[in-house]
Structures are given as C-alpha cells and as structure tokens.
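This briefing concerns a single protein chain.

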Amino acid sequence: MTIVPSFTLGFIRCKENNKILMLNRNKTPWMGKWNGVGGKIHANETPLDCMIREAQEETGLMLSQFEPRGILTWEIYSKEEEESSKSNGSSKSGTVVERALKHANLASTGGLYLFTADITVEQFENYRTPMVYDDEGILCWKDLGWITFEFNLGVVDNIRANLSNIFESKEDDLFQLKYENTNLVGNEYIPGGAAQFFEKRE
C-alpha cells in the first residue's frame with residue numbers, strides 16, 4: 001500500500017538551553033501524552049505552509065524558519081484481543097487499535113512531514129509556560145533529556161525514541177514505525193529513505 005503523508009509535526013527549540021516546546025495533548029491521537037505541534041495538510045497547502053499555520057494556531061508563535069527533517073510513516077497492525085472488552089456491562093466491538101483509529105479518524109497506515117524551528121533565548125524568555133493557548137492541550141518547555149529519557153512514559157513513544165535524531169535529520173530521511181495494536185514493535189531511522197516520496201511529488 002502506498003503511503004501519502006498528509007500531516008505535519010514540528011518541534012520548536014531554544015538551542016542555547018536545549019528547551020523544546022511540547023504539547024500535552026487534550027485530544028486523540030495521543031491524548032494525555034507530550035508531543036510536538038502540527039496537524040492535517042489542507043488542500044492546495046504545502047507541508048511547510050501547513051506547519052507554519054498549525055504552529056501559529058496551537059502556540060500563537062508565527063515562525064517562518066521551520067526546517068524540513070524528513071518523513072515519518074506508520075503501519076498499525078490489529079491483533080485480535082483474547083476476549084471482548086467490557087464496559088458498564090456492554091461489550092466493545094473490534095480491537096483496541098480499531099476503536100482508537102476510528103475515534104481519532106486515522107488510517108492504519110499513514111505519514112507526516114517532520115519539521116523543527118529554532119528560536120532565540122529572548123523569544124524563549126518571552127514565552128512563559130505552562131500555558132493553555134487553545135483547546136489542543138497544555139504547552140510547556142521541556143529539556144531534551146527529559147523528553148528522550150527511556151522510562152518517560154508520558155511522552156509519545158516514537159518521539160521519545162527519535163527526537164534526538166529528528167533535530168539532526170535531513171529532508172529526505174525516513175522514520176519508519178510499526179505498531180501492534182498500541183505497542184511500538186518497529187522503529188527504524190533510514191537516512192535518505194524518504195527520497196521516494198519527493199520523487200512522487202515531482
């Protein structure tokens with residue numbers, strides 16, 4: 001199946017102090033987890049235009065200096081549950097992942113464009129957190145080491161595993177994820193692996 005990236009995800013950093021602006025999501029997917037900012041690409045919108053728009057909508061920051069950092073793709077395999085889940089005496093149909101995908105309006109395969117943007121110490125100091133800018137969730141500056149700590153289960157698992165590479169990656173790099181239900185079972189970083197996606201756009 002051909003994967004067409006249809007979302008953006010970006011990370012805003014103050015490089016001088018290694019602080020990254022994270023969003024604790026109020027909505028699915030990844031409700032209650034720390035993630036970057038971003039969203040769905042609109043018709044006739046470039047990935048960069050989408051990233052700039054989404055960052056402004058979710059943080060209030062108007063940043064034009066986003067750098068492309070590759071493409072992240074996912075494949076989610078639905079494994080049959082051993083028995084039906086029950087809530088309030090009634091059975092829930094489908095596996096955990098099937099219900100989650102339906103709730104978040106996501107496909108079991110997909111992709112997104114990754115971006116990063118660096119801001120100055122002055123901009124960092126003028127942007128006080130924690131704060132709630134809109135209904136997407138809580139924004140807060142976090143240390144890179146805190147985000148990537150392997151036992152920090154409050155961060156989206158694939159971000160915890162890949163964020164250090166994302167800040168160093170190139171536009172044609174690929175981050176390839178595989179999930180079994182909600183468990184990350186495959187995580188591969190492939191430098192130059194996203195070139196195929198840009199060839200399709202030409």
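**Salt bridges and nonpolar cores**

Helix H1 (residues 47-59) holds both Arg-53 and Glu-57, which lie 4 residues apart, about one turn of the helix; helices (H or I, at least four residues) and strands (E, at least two) are DSSP runs numbered from the N terminus. The model is predicted: local features need pLDDT of at least 70, side-chain atom pairs count only at pLDDT 80 or more, and totals for chains, interfaces and linings use all residues. Residues are numbered from 1 along each chain as its sequence is written, and side-chain values use heavy atoms, with hydrogens and water left out.

**Confidence**

- The protein chain has a mean pLDDT (the predictor's confidence in each residue, from 0 to 100) of 89, and 84% of its residues reach 70 or more.
- Residues 81-88 have a pLDDT below 50, and this stretch has 11 contacts (heavy atoms within 4.5 Å) in the model beyond near neighbours in sequence.
- Where pLDDT is low, the predicted coordinates should not be read in detail.

**Salt bridges**

- The whole structure contains 8 salt bridges, each defined as a side-chain nitrogen of Lys or Arg within 4 Å of a carboxyl oxygen of Asp or Glu.
- Arg-53 pairs with Glu-57, with the closest N and O atoms 3.3 Å apart, and also with Glu-54, at 3.2 Å.
- Arg-53 is buried at 17% relative accessibility and Glu-54 is buried at 8%, whereas Glu-57 is partly exposed at 39%; buried means under 20% relative accessible area, exposed over 50% and partly exposed in between (1.4 Å probe, protein chains only).
- A salt bridge joins the side chains of Arg-25 and Glu-136 (3.7 Å, N to O).
- This pair links distant parts of the chain, 111 residues apart: Arg-25 is in strand E2 (residues 19-25), and Glu-136 is in the loop between helix H3 (121-126) and strand E8 (137-143).
- Arg-25 is buried at 13% relative accessibility, and Glu-136 is buried at 15%.
- A network of salt bridges links Arg-25, Lys-27, Asp-135 and Glu-136.

**Nonpolar cores**

- The largest nonpolar core has 27 residues, and those with the most contacts inside it are Ile-12, Leu-21, Leu-63, Phe-66, Ile-71, Ile-119 and Trp-141.
- Such a core is a set of buried Ala, Val, Leu, Ile, Met, Phe, Trp, Tyr and Cys residues joined through side-chain atoms within 4.5 Å.
- Two or more residues each come from strand E1 (7-14), E2, H1, strand E7 (109-119), E8 and helix H6 (195-201).
- A second, separate core has 22 residues, including Ile-76, Leu-114, Cys-140 and Leu-163.
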